[in-house]
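Dear colleague,

I am handing over the structure shown just below, and the notes after it say what was found in it. Please read them with the structure open beside you.

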Amino acid sequence: MKEEFIIEKPLIELEAKIKELKELSKNIKADFSEEIAKLEEKARKLTEEFYNNLSPWQIVKIARHPNRPQTLDYINHIFTSFLELHGDYVFADDPAIIGGLARFEGEPVMIVGHQKGKNTKENLKRNFGMPYPDGFRKAGRLMKLAEKFSLPIITFIDTPGAYPGIEAEERGQFSAIARNLFLMSSLATPIIVCVTGEGGSGGALGIALGDVVLMLEYAIYSVISPEGCASILWRDAKKAPEAAKSLKLTAKDLKEFGVIDEMVSEPIGGAHKDFITTAENLRVSIKKYLSILKNKPLKQLLLERYQKYRQIGKFIIN
Amino acid sequence: MEFNCNMEKELWVKCKCGDIIYNQDLVENFKICPKCGEYFAMTAWERLAQLLDEGSFSPFGEEVTSCDPLDFGEEYLLKLREDSTKTSLTEAIIVGEGTLNDMPLIVGVMDFHFRGGSMGSVVGERVTLAIEKAVEKRLPLLIVATSGGARMQEGILSLMQMAKTSLAVARLNEARLPYISILTNPTTAGVAASYASLADILIAEPKALIGFAGPRVIEQTIRQKLPPGFQRSEFFLSHGMIDMIVERPKLKETVYQLFSILLHK
């Protein structure tokens, strides 16, 4: 069994037992309804208890869950007439970042987001959602297009990080990310950021500077992976669970720090257990902020964007 | 203000080439080995002494200092205090106002000896203060960068300093004030991917390590050794990511010439 699944093991076992009992009652035509109801109640309670007491490391596991809904899932559910646009007009089309025109409840918008794969083959194609500079440059190109035609931008964040490879460095990974931050700083159109899965450091931030940052309850957002932090700090990647706690990378932590504007709740069990509810929750939040942002004069929008980030940080003044 | 450097108290310093150099000679030679040309890391104080007119520097933002926002613990706070004593700095960057060949400017100098030049809330705040001051006084900005990246012990807050400083650079850009960044060995990750590479002119010192991912991380990912010279200044110059490589002794004059032209002076 994959490591990601282990955290849900007791729940999976219980669900299997319920299923077995249901099938048995069908086959032998006996009435186990009372037992089934009891087990279902137990499963519900166990699930609720489990999800109310998740450790940061367990949240990391959920954020990385192979069945966790991805950017394209949200695009297909929340938006209509998505028209994907490809390429950075410089070097390549990076499948780890997707983008295009779409409608949100009829209103034209631009979407940009990281895209992981659903299986090994797709993941190899999409490089596990780890962009090359070409991906960031494509995102930048599309965002400029959005500004030109006054389209609000909605970005989806789900990446382990920017790809650390030879070609990525050759083509200026540092420069590509910095240029996007610079661009997004003064783009004269509303930007809503949705952190839906893994917010992996600079690779996440490269398309995540915005007027409003939403974050799903079991998404994570961090300067470094817990494994990376543990191996640097304690020279032992196995101490990742401790690092996950120290890094304060959950939506609740980030809300306290003022780094995100709203935590979007996920149903019990997480987004992969009930995608529709999750996507609907996200839609409601996007709708709310889109109408607020669209009604702001651009000058005020940009001033507030500056102020929003201007106040992030903690220090002592002597 | 006195330039004070107590970093290398030893009388003699040994270079990688085996040469043993009298420390005072090394400092007078811009911290370049007279025998093999190797660049030694400069302290922020040495940089300021080299680049600015004597006695012209007055720092600001010094009152902003680090705490431990994520509760990493006493060990982290102790390291901050140790580095502060070691470098005579209050954080990994010092910012202020000064003159270069009588040209007034805002300057920020990072120091790798302070927590590897890592950017936490204070570095982000001081860079922002420096840029805001440049806009307010309509002065050019010079930043000498060196950094391993974001400061891990400040977690997401340090990541957000990339956004904060980039927003500030965008303001400087709107005000059409020139900004020159000097990338020195090493400038990587969060600092390379934000304000340090958002200048109007990007200068690098020879052979400086520049990049997003560190070489060790890349080697672990691709499971092979990196070619010699990978991610060095010369590599990025040939790949079109920086404007020029300037040898240390010529930095001051080059920066002056560039600003003079950009400012029509």
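I begin with helix α4(A), which is mostly covered, as 6 of its 8 residues are buried; a residue is called buried if 20 or more other C-beta atoms lie within 10 Å of its own, exposed if 12 or fewer do, and partly exposed in between, with the C-beta atoms placed from the backbone. Helices (H or I, at least four residues) and strands (E, at least two) are DSSP runs, numbered from the N terminus. The buried residues of α4(A) are Pro56(A), Ile59(A), Val60(A), Lys61(A), Ile62(A) and Ala63(A).

Before going further, please note that this is a predicted model, in which local features need pLDDT of at least 70 and side-chain atom pairs count only at pLDDT 80 or more, while totals for chains, interfaces and linings use all residues. Residues are numbered from 1 along each chain as its sequence is written, and chains are lettered from A and ligands numbered from 1 in the order in which they are written.

Helix α4(A), residues 56-63, packs against helix α12(A), residues 240-247, at an angle of about 95°, with the axes 8 Å apart; axes are lines fitted to C-alpha atoms, for helices over the stretch in contact, and angles run from 0 to 180 degrees between N-to-C directions. The two helices α4(A) and α12(A) are therefore roughly perpendicular to each other, given that angles under 35 degrees count as roughly parallel, over 145 as roughly antiparallel, 65 to 115 as roughly perpendicular and the rest as oblique. On the α4(A) side Pro56(A), Trp57(A) and Val60(A) meet Ala240(A), Pro241(A), Ala244(A) and Lys245(A) of α12(A), where contact requires C-beta atoms, placed from the backbone, to lie within 7 Å. The residues of this contact divide into 6 nonpolar, no polar and 1 charged; Ala, Val, Leu, Ile, Met, Phe, Trp, Tyr, Cys and Pro count as nonpolar, Asp, Glu, Lys and Arg as charged, and the others, Gly among them, as polar.

Turning to the strands of chain A, β2(A), residues 97-104, is joined to β3(A) by 8 bridges, and the two run antiparallel; strands are taken to pair if DSSP finds at least two bridges between them. Phe104(A) stands opposite Glu107(A) in β3(A), and in the hairpin of β2(A) and β3(A), which has 2 residues between the strands, Glu105(A) takes a positive phi near 45°. Strand β3(A) also pairs with β4(A), residues 153-159, in the parallel sense over 4 bridges, with Ile111(A) opposite Ile154(A). Of the 8 residues of β3(A), which covers 107-114, 6 are buried, so this strand is largely enclosed by the rest of the structure.

The largest nonpolar core has 152 residues, and Met215(A) and Leu141(B) touch the most other members; such a core is a set of buried Ala, Val, Leu, Ile, Met, Phe, Trp, Tyr and Cys residues joined through C-beta atoms within 7 Å. Helix α5(B), residues 155-174, gives the most to this core, with 11 residues. Leaving aside neighbours within four places in sequence, Met215(A) is in contact with Val195(A), Tyr221(A), Ala251(A), Leu254(A), Ile260(A), Met263(A) and Val264(A).

Where the chains meet, the contact takes 47 residues from chain B and 43 residues from chain A. On the side of chain B that touches chain A, α5(B) gives the most, with 15 residues, and the residues of that side divide into 27 nonpolar, 16 polar and 4 charged. Strand β9(A), residues 315-317, is joined to β4(B) by 3 bridges, and these strands run antiparallel, with Thr65(B) as the bridge partner of Ile316(A).

A few single residues deserve a look.

- Ile32(B) is placed in the loop between α1 (23-28) and α2 (44-51) of chain B, and counts as buried because it has 20 C-beta neighbours inside 10 Å.
- A cis peptide bond, with omega about -15°, joins Asn185(B) and Pro186(B), and Pro186(B) lies in strand β8(B), residues 179-188.
- Ser81(A), although not a glycine, has a positive phi of about 40°; Ser81(A) is placed in strand β1(A), residues 80-84, and is exposed, with 10 other C-beta atoms within 10 Å.
- Arg223(B), another residue other than glycine, has a positive phi near 55° and counts as exposed, with 6 C-beta neighbours inside 10 Å.

With kind regards

Terms used: Two residues are in contact if their C-beta atoms, placed from the backbone, lie within 7 Å.
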